[in-house]
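Let's take a friendly walk through a protein model. Have a look at the chain below, and then we'll go through its strands, rings and charges.

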Amino acid sequence: MNYAELTTAIIDYAESSEQLFVDNIPTFVQQAEERIYNSVQIPALRKNVTGTLTQGNKYLSAPNDYLSTYSLAVIDGDNYEYLLNKDVNFIRQAYPSVTDTGIPAYYAIFGPNSGNLDELSFIMGPTPDTYYTAELHYFYYPESIVTANTSWLGDNFDSALLNASLMEALTYMKGEQDLVALYKGRFDEA
């Protein structure tokens, strides 16, 4: 299902072609996509990247499309040392000083910072004692069907995308709760 087909289906199911409703369909669809991506870890929406941990710097930037971590490893020679996910408070308590160095064993999601609310980073514990390569496997937000016209969800799970979009549309329309429950049930099944 592409975006035009999805839009037509939303209009048909909601029985509304009112311009204000139609103008908000992109919002319904993007909220539906976020609902799905935040609820289900879809293996097809996983990436991996490498980065460099810098000696004396306990921070590593997260990719712009980052949703959640599958695994984070530090490569020491030929060995992969998989880091354990902890809270920032744990890392700050266990390694209070930048001079607490070694091969990182823990990481936490740190941010966003006040300068850029979209930018996330990882904080390492302990602080890297030398330069290391880090390998991050993560779930990501793909481009929305709204802007790409097609998407993995539209091609593979169109019923989930449609029903989640209808839940958002009915919420916007202040629709009957039994209809919202119906589409939520269909979404949950999909």
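## A hairpin to start with

Strand E3 (residues 66-76) and strand E4 (residues 79-82) run antiparallel, and four bridges join them. In this report, two strands pair if DSSP finds at least two bridges between them. Helices (H or I, at least four residues) and strands (E, at least two) are DSSP runs, numbered from the N terminus. Zoom in on Ile 75 and you'll find that its bridge partner in E4 is Tyr 80. The hairpin of E3 and E4 has two residues between the strands, and Gly 77 takes a positive phi near 70° there.

Before going on, a word on where this comes from: the model is predicted, so local features need pLDDT of at least 70 and side-chain atom pairs count only at pLDDT 80 or more, while totals for chains, interfaces and linings use all residues. Residues are numbered from 1 along each chain as its sequence is written, and side-chain values use heavy atoms, with hydrogens and water left out.

## Rings meeting rings

How many aromatic pairs are there? The count comes to 14, where rings of Phe, Tyr and Trp (its six-membered ring) pair if their centres lie within 6.5 Å; planes under 30 degrees apart count as stacked, over 60 as edge-to-face and the rest as tilted. Take Tyr 59 and Phe 110: this pair is tilted, with 5.1 Å centre to centre and 50° between the planes. Tyr 59 is in strand E2 (residues 59-61) and Phe 110 in strand E7 (residues 106-110), so the pair links distant parts of the chain, 51 residues apart. (Buried means under 20% relative accessible area, exposed over 50%, partly exposed in between, with a 1.4 Å probe and protein chains only.)

Next come Phe 90 and Tyr 106, an edge-to-face pair because the ring planes are at 70°, with the centres 5.0 Å apart. This pair also links distant parts of the chain: Phe 90 sits in helix H4 (residues 88-94) and Tyr 106 in strand E7, 16 residues apart. Phe 90 is partly exposed, at 33%. There's a cluster to spot too: Tyr 66, Tyr 107, Phe 122 and Tyr 138 form one aromatic cluster.

## Charges over rings

The charged end of Arg 46 sits over the ring of Tyr 70, 3.7 Å from its centre. That label applies if NZ of Lys or CZ of Arg is within 6 Å of the ring centre and within 35 degrees of the ring normal. Lys 47 does this with Tyr 140, its charged end 4.5 Å from the ring centre.

## Salt bridges

Lys 47 turns up again in a salt bridge with Asp 65, where the closest N and O atoms are 2.6 Å apart. A salt bridge here is a side-chain nitrogen of Lys or Arg within 4 Å of a carboxyl oxygen of Asp or Glu, and the count comes to three. Asp 65 lies in the loop between E2 and E3 and Lys 47 in strand E1 (residues 46-53), so the pair ties together parts 18 residues apart in sequence. Asp 65 is buried at 19%, whereas Lys 47 is partly exposed at 32%.

Glu 168 and Arg 35 meet in another salt bridge (2.9 Å, N to O). Glu 168 is in helix H7 (residues 158-172) and Arg 35 in helix H3 (residues 25-39), so this pair ties together parts 133 residues apart in sequence.
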